[in-house]
Amino acid sequence: MIILIYAGMLKYSGFAAAGQSVNDLFKQFPASVKAVLGLGELDITSVLGYYAVFYLYFLLLTGVHAVMLGTVIIAKEEHDKTADFLFVKPVMRSKIVTAKLIAVLINITILNLTTLVASVVFVEMFNTGPPITDKILQLMGSLLIFQLLFASIGAGIAALTRNIKKATSLSASVLLTAFIVSAAIDLYNKIDFLKYITPFKYFPAAEVIRTGTYAPLFLLLSLLLITLFTAITYYFMDKRDITI
Amino acid sequence: MNIFAQELKMSAISMIYWTTALILLVFVFMFMYPPISKDIAVFESILNNFPISLRRALGITTLDLSEVLGFYGFIFVYILLIGSVYAMKSGISVLSEEIRSKTADFLLVKPVSRSTIVNAKILSVLTNLGIQNILFITLSCLIVNAYKQDSLDAAALVLINASLIQVQLFFVALGLFLSVVIKKIKTVLPITLGVVFAFFVIQLLNQSLDDPKLAYITPFAYFDVGQIIQNSSYDFSFLVTNFVIITVLTVLTYLIYQRQDIPSL
């Protein structure tokens with residue numbers, strides 16, 4: 001992740017110099033063409049717009065990490081044959097789930113903070129304009145919500161399925177589908193209504209940067225989904241027949 | 001032969017799922033082609049006036065989205081992505097599955113050499129990929145053909161489709177190699193997704209930065225669709241790169257597996 005950001009920002013210095021005149025051209029682009037190119041309404045020659053391009057990469061990589069982490073941490077005890085060791089201990093199942101979820105939370109936060117620090121440091125290194133640290137903070141905030149959402153989806157799926165193979169394939173399909181749907185929306189804006197089903201579209205970087213806030217509807221939706229999937233995890237882990 | 005048949009039997013369902021997903025993907029995306037092409041055709045003339053360096057930076061050098069082939073090339077990235085996940089998953093799991101399901105000591109005490117086992121297993125993966133690609137290429141050509149307006153460069157279409165299996169072979173080889181190098185693989189998909197998406201992100205980066213060195217790192221860049229449409233051929237140096245990487249990784253897999261300590265119960 002750190003290497004990605006560094007390499008990317010290194011390129012920016014060259015890109016920005018060549019970019020001034022390009023920018024005027026961009027302004028004449030019709031919206032649909034810009035959408036196809038993935039540019040949105042951002043000026044990619046400014047350091048902020050350039051950085052926003054990276055946001056998609058962050059979403060992809062942290063999404064994979066979060067959904068797999070959430071799935072595996074719940075499903076692995078039975079697979080590793082350690083379930084009978086853990087679940088006969090005098091600890092409630094809900095306590096075990098809580099401990100596991102906290103571990104996920106810490107992992108995710110560390111990844112998020114690493115990305116944040118690397119972003120701030122490297123962006124400032126190459127930034128010639130005004131500082132954009134506050135915007136980066138905001139983007140990392142929405143990234144964290146996105147990560148939590150996928151982690152809870154992963155955990156929920158793991159609690160609902162019988163074995164780790166099924167759980168990971170299902171989680172992987174959810175992530176891939178969400179990504180493909182978001183790509184389809186980028187391509188063809190008439191299916192915009194599908195954005196509710198793909199977390200990749202909940203907090204688009206351009207929107208967050210422009211408005212400086214998160215869309216309340218999607219914030220609410222994210223929280224609802226996180227709560228729902230966490231509840232599913234607790235409920236079904238409590239009822240689960242543990243195979244040994 | 002027994003090992004080969006058993007492997008095929010165990011992996012058939014999964015192959016059918018993934019193949020269906022690939023074909024569905026083409027179907028759904030091509031469904032959006034007519035309205036999009038109308039949108040884009042209007043701006044085509046504007047785009048064509050742009051200097052070539054600018055179009056390069058935007059990744060639209062030669063891809064003309066209003067043309068059915070250009071559009072197909074544009075969505076082909078996602079087909080490559082899904083196909084690669086499947087290929088890498090197969091590559092990683094085919095050898096390591098025995099250890100995970102504690103059947104390695106059952107298989108490896110049989111009077112067959114290890115290389116025979118690896119042969120049978122790799123052959124089963126290749127068979128799956130072969131079937132998948134035949135199904136995929138046939139159906140996707142049919143779908144794309146249904147959307148063509150006037151003429152269609154059939155050779156380019158086949159070349160684009162045929163690049164799928166070459167990228168898949170890269171990921172199979174990488175998966176095989178990783179599965180004998182990493183000591184204990186508990187679950188296949190987390191590693192698979194991590195690696196494939198890492199390469200995919202490098203490709204996205206490569207597209208926006210257009211750095212010739214970056215392109216060699218990721219197989220997603222080896223078969224550039226725009227270039228295929230323009231020349232009706234692959235870029236020779238990438239073709240060789242891909243081939244060399246696949247060969248080296250496969251040979252290493254055989255060598256390492258030959259003398260690997262396999263944990264028994």
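Predicted model: local features only at pLDDT ≥ 70, side-chain atom pairs only at ≥ 80, totals over all residues.
Let's start with the overall make-up.

As for burial, 49% of the 244 residues in chain A are buried. In chain B, 51% of the 265 residues count as buried. The accessible surface of chain A is about 11,300 Å², with carbon and sulfur atoms supplying 69% of it. For chain B the accessible surface is about 12,000 Å², and 67% of that belongs to carbon and sulfur atoms.

How much of the contact pattern joins residues at least 24 apart in chain A? Take the contacts in chain A between residues at least 6 apart in sequence, and 74% of them join residues at least 24 apart. In chain B, residues 24 or more positions apart account for 79% of the contacts with a separation of 6 or more.

**Salt bridges**

Side chains of opposite charge can pair when their charged atoms come close. Over all chains, the count here is five salt bridges.

| Lys partner | Glu partner | N to O distance |
|---|---|---|
| Lys100(A) | Glu77(A) | 2.9 Å |
| Lys165(A) | Glu97(B) | 3.4 Å |
| Lys121(B) | Glu7(B) | 2.5 Å |

Take the chain A pair, where Lys100(A) and Glu77(A) meet at 2.9 Å. It links distant parts of the chain: Lys100(A) sits in helix H5 (residues 93-126) of chain A and Glu77(A) in helix H3 (residues 47-79) of chain A, 23 residues apart. Are these two partners buried or exposed? Lys100(A) has a relative accessibility of 12%, so it counts as buried, the cut-off being under 20%. Glu77(A) also comes out at 12%, and therefore counts as buried too.

Next comes the bridge between Lys165(A) and Glu97(B), with the closest N and O atoms 3.4 Å apart. This one crosses between chains, running from Lys165(A) in helix H7 (residues 164-187) of chain A to Glu97(B) in helix H4 (residues 68-100) of chain B. Here Lys165(A), at 51% relative accessibility, counts as exposed because the cut-off is over 50%. Glu97(B), at 21%, counts as partly exposed.

Within chain B, Glu7(B) and Lys121(B) meet at 2.5 Å. That pair also links distant parts of its chain, with Glu7(B) in helix H1 (residues 2-31) of chain B and Lys121(B) in helix H6 (residues 114-147) of chain B, 114 residues apart. Both Glu7(B) and Lys121(B) are buried. As for shared partners, salt bridges join Lys165(A), Glu97(B) and Arg100(B) into one network.

**A helix pair in chain B**

Two packed helices are described by the angle between their axes and the distance between the axes. Helix H7 (residues 154-181) of chain B packs against helix H11 (residues 236-258) of chain B at an angle of about 25°, with the axes 9 Å apart. Angles under 35 degrees count as roughly parallel, so H7(B) is roughly parallel to H11(B). The crossing of H7(B) past H11(B) is left-handed.

Which residues meet here? On the H7(B) side they include Leu169(B), Phe170(B), Ala173(B), Phe177(B) and Val180(B). Among their counterparts on H11(B) are Leu239(B), Ile245(B), Ile246(B), Leu249(B), Ile256(B) and Tyr257(B). The contact set also takes in Gln166(B) from H7(B), and Asn242(B), Thr250(B) and Thr253(B) from H11(B).

**Two positive phi values**

Finally, a couple of backbone spots to check by eye. Lys102(B) isn't a glycine, yet its phi is positive at about 55°. Lys102(B) lies in the loop between H4 and helix H5 (104-108) of chain B, and is partly exposed with a relative accessible area of 45%.

Ser232(B) has a positive phi near 55° and is likewise not a glycine. Ser232(B) lies in the loop between helix H10 (225-231) and H11 of chain B, and at 31% relative accessibility counts as partly exposed.

Methods. Residues numbered from 1 in each chain as written. Chains lettered and ligands numbered in written order. Heavy atoms only, no water. Salt bridge = Lys/Arg side-chain N within 4 Å of Asp/Glu carboxyl O. Helix = DSSP H or I, 4+ residues; strand = E, 2+ residues; numbered from the N terminus. Buried < 20%, exposed > 50% of the residue type's maximum accessible area, 1.4 Å probe, protein only. Contact = heavy atoms within 4.5 Å. Areas by Shrake-Rupley, 256 points an atom, 1.4 Å probe, with all protein chains shown as cover. Axes fitted to C-alpha atoms, helices over the stretch in contact; angles between N-to-C directions. Parallel < 35°, antiparallel > 145°, perpendicular 65-115°, else oblique. Left-handed = near helix turned anticlockwise from the far one by under 90°.
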